[in-house]
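Visitor: Hello! Could you show me how to read a protein structure, feature by feature?

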Amino acid sequence: MSKICQITGKKAMTGNNVSHSKRRTKRRFHVNIFTKKFYWVEQDAWILLTLTAAGLRTINKLGLDAAIRQAAEKGYLTEIKYLEY
């Protein structure tokens, strides 16, 4: 699974470690990503999303359906994993 948020599209960035002597070496800035289970009322199903903390705040602000619709329009949401219960 790639480390990309399905709601915001955030992914790891590259940059430099800078030492005290100003020597620069490459490094990666990873995102705060986790897997979370949501109940999608409009589809009457449980879904599993890979998202960041910022994506979780977006869902809390807009609502799950609006956040999924917005992410699909921007191309961040490629597939939704449905859970069977």
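This is a predicted model: local features need pLDDT of at least 70, side-chain atom pairs count only at pLDDT 80 or more; totals for chains, interfaces and linings use all residues.

Visitor: Which strands make up the open sheet, and in what order?

Guide: Strands of a sheet pair through backbone hydrogen bonds, either parallel or antiparallel. Here an open sheet of three strands has the order 3-4-5, and the pairing is antiparallel. Strands (E, at least two residues) and helices (H or I, at least four) are DSSP runs, numbered from the N terminus; two strands pair if DSSP finds at least two bridges between them. Strand 3 (33-40) and strand 5 (81-83) stand at the edges with a single partner strand each, so one side of each has no neighbour in the sheet. On average, neighbouring strands of this sheet are turned by 35° against each other, direction ignored.

Visitor: How many bridges join strand 3 to strand 4?

Guide: Eight bridges join these two antiparallel strands, and Ile 33 stands opposite Thr 52 in strand 4. In their hairpin, four residues lie between the strands, and Asp 44 takes a positive phi near 55°. On the other pairing, strand 4 (residues 45-52) and strand 5 share three bridges, with Trp 46 opposite Leu 83 in strand 5.

Visitor: What about strand 1 and strand 2: over how many bridges do they pair?

Guide: Strand 1 (residues 13-18) and strand 2 (residues 24-29) pair in the antiparallel sense over six bridges. Thr 14 stands opposite Arg 28 in strand 2. Their hairpin has five residues between the strands, and there Lys 22 has a positive phi near 70°.

Visitor: Now the helices. At what angle do helix 1 and helix 2 pack?

Guide: Axes are lines fitted to C-alpha atoms, for helices over the stretch in contact, and angles run from 0 to 180 degrees between N-to-C directions. Helix 1 (residues 53-62) and helix 2 (residues 64-74) pack at about 120°, with their axes 6 Å apart. The two helices are therefore oblique to each other (under 35 degrees counts as roughly parallel, over 145 as roughly antiparallel, 65 to 115 as roughly perpendicular, and the rest as oblique).

Visitor: Which residues of the two helices meet?

Guide: Thr 58, Ile 59 and Leu 62 in helix 1 meet Leu 64, Ala 66, Ala 67 and Gln 70 in helix 2, where contact means heavy atoms within 4.5 Å. Helix 2 also lies across strand 3 and strand 4, at about 120° to strand 3.

Visitor: How many salt bridges does a search of the whole structure find?

Guide: A salt bridge is a side-chain nitrogen of Lys or Arg within 4 Å of a carboxyl oxygen of Asp or Glu. The search finds one: Arg 69 with Asp 65, their closest N and O atoms being 2.6 Å apart. Both residues lie in helix 2, four residues apart, about one turn of the helix.

Visitor: And where is Tyr 76?

Guide: Tyr 76 sits in the loop between helix 2 and strand 5. At 33% relative accessibility, Tyr 76 is partly exposed (buried means under 20% relative accessible area, exposed over 50%, partly exposed in between, with a 1.4 Å probe and protein chains only). Thr 8 is 68 residues away along the chain, yet the two C-alpha atoms are separated by 7.0 Å.

Definitions and conventions. Residues are numbered from 1 along each chain as its sequence is written. Side-chain values use heavy atoms; hydrogens and water are left out.
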